[in-house]
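Biologist: I have the sequence and the model open. Can you walk me through a few contacts?
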Amino acid sequence: MERLLWSIAFPGFGQLLNRQFLKGILFIFLELIVNYKANFNQIIAYSFQGDYDRALAEAHINWLLFYPCLYFFSMWDAYKNAGEPVSRFTYLPFVFSAYFVTWGLMVSSKPLSPWSQIGPVFFPMLCVIPGVLIGLILKWICEKIWKNPVH
């Protein structure tokens with residue numbers, strides 16, 4: 001769980017804790033590139049100031065769309081490789097969260113969308129909730145159907 005929480009804080013930190021140094025440095029490097037190219041820190045600042053129109057104007061959506069997959073893959077990888085037993089379907093909540101956050105980014109990036117009124121940061125963050133829930137439900141169903149052994 002510790003590795004997962006560090007990966008939530010910053011992609012790649014969980015891999016460093018797992019002693020997967022090359023992978024950790026790669027995730028950190030990719031996160032820095034995508035963050036810079038998407039102008040993500042500025043978008044976050046404008047969003048917290050309530051200036052959602054400016055956040056949307058400053059966003060480089062094509063780069064920002066890489067972030068959910070990078071972020072959730074890094075979390076899943078750190079969690080999976082932490083050395084604790086995990087279900088073979090553990091990836092499902094992470095994958096569905098990445099799908100839903102990506103969808104949230106696309107929907108909130110349209111200027112006339114009602115979702116753009118809460119910006120390109122907060123609406124995609126809210127999309128994590130249905131992603132996790134659907135992923136957990138599918139994980140539970142798959143484990144029941146396939147009598148999943150823990151790895």
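**Contacts, rings and charges**

Modeller: Let's start at Ser74. Leaving aside neighbours within four places in sequence, Ser74 is in contact with Ser7, Pro11, Gly12, Gln15 and Phe27. Contact means heavy atoms within 4.5 Å.

Biologist: What should I know about the source?

Modeller: This is a predicted model, where local features need pLDDT of at least 70, side-chain atom pairs count only at pLDDT 80 or more, and totals for chains, interfaces and linings use all residues. Residues are numbered from 1 along each chain as its sequence is written, and side-chain values use heavy atoms, with hydrogens and water left out.

Biologist: Where is Ser74 placed? And is Ser74 buried or exposed?

Modeller: Ser74 is in helix H7. Helices are DSSP runs (H or I, at least four residues), as are strands (E, at least two), numbered from the N terminus. Ser74 counts as buried, at 0% relative accessibility. Buried means under 20% relative accessible area, exposed over 50%, and partly exposed in between (1.4 Å probe, protein chains only).

Biologist: Phe27 was on that contact list. How many aromatic pairs does a search of the whole structure find?

Modeller: The search finds 14 aromatic pairs. One of them is Phe27 with Phe73: the ring centres are 5.9 Å apart and the planes are at 55°, so the pair is tilted. Rings of Phe, Tyr and Trp (its six-membered ring) pair if their centres lie within 6.5 Å; planes under 30 degrees apart count as stacked, over 60 as edge-to-face and the rest as tilted.

Biologist: Which helices do Phe27 and Phe73 lie in?

Modeller: Phe27 lies in helix H3 and Phe73 in helix H7, so the pair ties together parts that are 46 residues apart in sequence. Phe27 is buried at 7% relative accessible area. Phe73 is partly exposed at 42%.

Biologist: Which residues form an aromatic cluster?

Modeller: Phe40, Tyr67, Tyr71 and Phe72 form one. Phe40 also brings us to helix H4 (residues 40–48), where Phe40, Ile43, Tyr46 and Ser47 are the buried residues.

Biologist: Why do the buried residues of H4 line one face of the helix?

Modeller: Seen down the axis of H4, they fall within an arc of 125°, so they line one face. The arc is that of the directions from the helix axis to the C-beta atoms.

Biologist: What covers the buried residues of H4?

Modeller: The cover includes helices H3 (21–38), H5 (52–58), H6 (61–64), H7 (66–80) and H9 (119–126). Just after H4, Gly50 takes a positive phi of about 80°.

Biologist: Switching to charges. How many salt bridges does the search find?

Modeller: The whole structure gives 3 salt bridges. A salt bridge is a side-chain nitrogen of Lys or Arg within 4 Å of a carboxyl oxygen of Asp or Glu. Asp77 forms one with Lys23, with the closest N and O atoms 3.0 Å apart. That pair links distant parts of the chain, Asp77 in helix H7 and Lys23 in helix H3, 54 residues apart.

Biologist: Is Asp77 buried or exposed? What about Lys23?

Modeller: Asp77 counts as buried at 3% relative accessibility. Lys23 counts as partly exposed at 29%.

Biologist: And where do Glu143 and Lys139 lie?

Modeller: Both lie in helix H10 (residues 128–146), 4 residues apart, about one turn of the helix. Glu143 forms a salt bridge with Lys139, with the closest N and O atoms 3.3 Å apart.
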